[in-house]
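Please look at the sequence and the 3D structure below before reading on. The paragraphs after it walk through the structure step by step.

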Amino acid sequence: MVVEEKRRDTAVTDVAPSTWRATILLPCRNEAGRIEDCLKSLLAQEVPVEGVLEILVLDGKSEDGTAKIVKDWAAREDRVRLLENERRLKVLGLNRGVEQAKGDFVLVLDAHTEYAPDYVARCVATVERTGADIVGGIIETRAGGPGYGAAVVQALTTHWFGVGGSGFRTGAEEGPADTVPFPLIRREVFERVGFFDERLVRAQDYEFNQRVRDAGGTVWLNPAICSVYFNQPSFGAFLKKQICLDAPFNAYLWRVAPNAFALRHAMTLAFALGVIGGMTLAPIFDWARWGFLVVMAVYALLALVAAVQQAARYRDLRHVLCLPFAFYLFHFLHGLGVLGGLLRLLTGTAPVQRPNDHGGDG
């Protein structure tokens, strides 16, 4: 088991009720390299004698043998069931899973992740203690491969300068939150606010959380709830995912659910526009030239400080030289991805503007 038993000190000891029923939804596609370790961590969950745990694996027509691996596990473990997600999109699989879930609690988890043995029990206990509708914890990000590119992705996504206010990645205190990773959701919440918005291939969880909060519900983060997430195996794969999928759907989210707008989601857009504007105006105006130089100098200094901190944290001196450039590429290209999403909205070509078009693979 990869998960380390390192948790934040808390004055509260969560105790799960003696009986509960939980359904785990595990959407996946082409996860043959990770799915077994993930399932092992879920089957090792601490469940009371009276408790029931079912695991619904929602496979999006995998082409690498993932479905066969899950079928083999299902033949040995009656808690595991394979559901084929014919249309491949994660959000469609999740809604089908919610429809078939038998638990009082539904957990939306990730196949690229491994979970502490008490993950589900702590989620249930936290819901009981706080009365929250949605509960999640913190994730420990691990390199998704042996190469240095994977180490760069790990360092970039575990520092506030890289990912902004994602407290569940960089450390946060217990309390209400706008979103949490790999959440436990009360089954009744779906009956109250509806299912996941199928227009959103990405960010459907953030929109759902905002809908719950708008309805008077609570999203709660408990740092004692721990999981280990394996990031993309290369820096190139990470950037491709950000530019082509995550960034455009930031913009689409703002159209589908304007009240879900968060300032941190627009920071890379502002950065990219600033760089483009500065490079355009600097050759023409002195004030633009000096202003652009000052802003970029401050950015470079902050990036270097963050790089030094991450080099010390991960004991890799290469980060001092490489991370500042990685920060810049990520922030600029992600901002361009958001801008591209906005342009598609303005031209009416965004997938969320076309009926029955979910925008590609989930």
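What follows goes from the whole chain to single residues and their contacts.

This is a predicted model, in which local features need pLDDT of at least 70, side-chain atom pairs count only at pLDDT 80 or more, and totals for chains, interfaces and linings use all residues. Residues are numbered from 1 along each chain as its sequence is written, and side-chain values use heavy atoms, with hydrogens and water left out.

Begin with the whole chain. Its secondary structure comes to 13 helices and 9 strands; helices (H or I, at least four residues) and strands (E, at least two) are DSSP runs, numbered from the N terminus. The chain has 362 residues, and 53% of them count as buried. Buried means under 20% relative accessible area, exposed means over 50%, and partly exposed lies in between (1.4 Å probe, protein chains only). The accessible surface is about 16300 Å², and carbon and sulfur atoms hold 58% of that area. Accessible areas come from the Shrake-Rupley method with a 1.4 Å probe, and for residues only the protein chains shown count as cover. Among contacts with a separation of 6 or more, 80% are between residues 24 or more positions apart; a contact means heavy atoms within 4.5 Å.

Next come the charged side chains. The structure holds 13 salt bridges, each being a side-chain nitrogen of Lys or Arg within 4 Å of a carboxyl oxygen of Asp or Glu. One of them joins E63 and R29, with the closest N and O atoms 3.6 Å apart. This pair links distant parts of the chain, 34 residues apart: E63 is in the loop between β2 (52–59) and α2 (66–76), and R29 is in the loop between β1 and α1 (35–43). E63 counts as exposed because its relative accessibility is 65%, while R29, at 21%, is partly exposed.

Where do D286 and R289 lie relative to each other in helix α12? They are 3 residues apart in this helix (residues 286–314), so about one helical turn separates them. R289 is partly exposed, with a relative accessible area of 29%. A further salt bridge, at 2.6 Å from N to O, is formed by R122 and D118. Here R122 is partly exposed at 22%, whereas D118 counts as buried at 12%.

R21, R81, R96 and K102 form a positive surface patch. Patches are made of residues with over 30% relative accessible area and no salt bridge, with like charges joined within 9 Å and nonpolar side chains (Val, Leu, Ile, Met, Phe, Trp, Tyr) within 5 Å. Lys and Arg count as positive and Asp and Glu as negative, while His and the chain ends are not counted. The place of a charge is taken as NZ of Lys, CZ of Arg, CG of Asp or CD of Glu.

Two other residues complete the walk. Q242 lies in helix α10 (residues 235–256) and counts as buried, at 11% relative accessibility. Leaving out residues up to four places away in sequence, Q242 touches A247, P248, F330 and H334. E174 lies in the loop between α7 (167–170) and β7 (175–176) and is partly exposed, at 27%. The C-alpha atoms of E174 and W220 are 7.5 Å apart, although 46 residues separate the two along the chain.
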